[in-house]
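Hello,

Here is the structure I promised you. Please open it first, then read my notes below.

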Amino acid sequence: MCGIIGIVGRSPVNQALYDGLTVLQHRGQDAAGIVTYDQGKLYLRKGNGLVRDVFRARHMQELVGNVGIGHVRYPTAGSSSSAEAQPFYVNSPFGITLGHNGNLINTKALQQELFLQDRRHINTESDSEVLLNVFAQELLRQDPLKLEPENIFNGVGAVHRRCRGAYAVVAMINGYGIVAFRDPYGIRPVVYGMRETSEGPEYMVASESVALVALGFKLIRDLAPGEAIYIDLDGNVHTRQCADNPTYSPCIFEHVYFARPDSILDDVFVHKARMRMGEYLGQKIQREWPDHDIDVVIPIPETSRTSALELAMQLGVKYREGFIKNRYIARTFIMPGQTQRKKSVRQKLNPIEMEFNGKNVLLVDDSIVRGTTSREIVMMARDAGARKVYFASASPPVRYPNIYGIDMPAAHELIAHGRTVDEIAQAIFADKLFYQDLDDLILAVRKGNPKLEQFDTSVFDGSYVTGVDPDYLTALERARAEGQRGMRVSRQAHIGLHNSV
């Protein structure tokens, strides 16, 4: 999962891009990058780390120009190299930079095509570089001397025909402007908006509406699946549907976990969707356990708060904040290793003992993925004196690999894979465990926009909207295991080097 942003302004955009990326920091904490355009030249700064760590004052001063794009990257196994920080750049044609949120599932085939047919070299293991080169090659097939909106949209349409998977893209073409587009299923989000200035309108595209609002832009709308938007250097906006058979199938996990609650995705208020998740989960607990002995509902900060509050109201029990969060620890879900993830849970959360001591506690989280975090938190509640510890997940059991850009591709890493609910409860040391029903989760989101007829729910039901070859899943799991071994070797080498100094 990553965050993308692009701005066509009337004055320097370096600070606005920086501020927008900090708002989108929750979508990726591994690397960040900004490219700006000025008088025929592109200016790039990118590197590993948080936005605040990658960009210093001297870097910001070098990012000149009124047009630019930015990216924050989410870490996946084997992708810790700064060489894979985005945006990527290719010089032919025109000079193009690109940032990508999602994951292609036909990367290997595209790499072969690019080498054998298009004579293009791919320098990293990133599918984003592959996507950039496909886009560049398709633009090259258009008029090579001057691009018109028609040429750009034809190029995007060709990308849709060649690329499979999830992709929300922002690109900047030297001398022309910014292009953004969404895959034909709309799996990953893209929105755009506008703000008026004394010198004329400015336009912005981003992964989430909250980035627009924070910078004073008014949300216009989401890009539709398969749609592209081209904003030229003069601020003229062109949009077109570029896919042959687009189908609205956004990733429902955006509403469960990734998106900020103050965002609007596909005309659905994320905050309201999470409220409904809590309401429906509370109704399920009432049906299955009408004589429950829950004394207090406690959320696991922070994405579960909205659901937990509604759940407590539905059950008619007290809602209490029982954990204090250290905000300077990164999100454990996107930690690269189990040992690091387990250690960071205790560093990140500290229980308030008076809220647990002698009580039957219902802990609420947005989801249970690997189970390591949930197990540690249950034990923390017991150590704080809880008499009984129950657990509720605002989403269904995560049983299947994700292939669209979320870092959980290996089925054996998922605690729900191959286990019953009772077995999962035992594995996380909970006295009882409740999961949201998939139908209720879909209803909770769709109620905000009845036009959304289907979602990508593959992590819950194994049904992939793009289709997937079983061999791809096997290869992905093998690559992940190899990447994790490489990361362990790299860390061990670093430790050895440190000890020898």
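**An enclosed helix**

Ten of the 14 residues of H6 are buried, so helix H6 is largely enclosed by the rest of the structure. Buried means under 20% relative accessible area, exposed means over 50%, and partly exposed is in between (1.4 Å probe, protein chains only). Helices (H or I, at least four residues) and strands (E, at least two) are DSSP runs, numbered from the N terminus.

A word on the source: this is a predicted model, where local features need pLDDT of at least 70 and side-chain atom pairs count only at pLDDT 80 or more, while totals for chains, interfaces and linings use all residues. Residues are numbered from 1 along each chain as its sequence is written, and side-chain values use heavy atoms, with hydrogens and water left out.

Back to H6. The buried residues of H6 include Phe153, Val156, His160 and Arg162. What do the buried residues of H6 pack against? Their partners are helices H4 (107–116) and H5 (127–140), plus strands S7 (165–173), S8 (177–182), S12 (227–232) and S13 (237–241). Contact here means heavy atoms within 4.5 Å.

The length of H6 (residues 149–162) also checks out. At 1.5 Å a residue, its 14 residues should span 20 Å, and the end C-alpha atoms are 20 Å apart, which agrees. The expected span is 1.5 Å times one less than the number of residues.

**The whole chain**

The protein chain has 16 helices and 22 strands. Its radius of gyration is 23 Å, close to the 23 Å that the globule rule gives for 501 residues, so the chain is as compact as a globular protein of that length. That radius is taken over C-alpha atoms, and the rule is 2.2 Å times the number of residues to the power 0.38. Buried residues make up 59% of the 501. Take contacts between residues at least 6 apart in sequence: 70% of them join residues at least 24 apart.

**Loops to look at**

Start with the loop between S5 (88–90) and S6 (96–104). Pro93 lies there. A cis peptide bond joins Ser92 to Pro93, with omega about -5°. Phe94 sits in that loop too. Phe94 is not a glycine, yet its phi is positive, about 75°. Phe94 counts as partly exposed, at 23% relative accessibility.

Pro87 lies in the loop between S4 (67–73) and S5. The peptide bond from Gln86 to Pro87 is cis, with omega near 10°.

Best wishes
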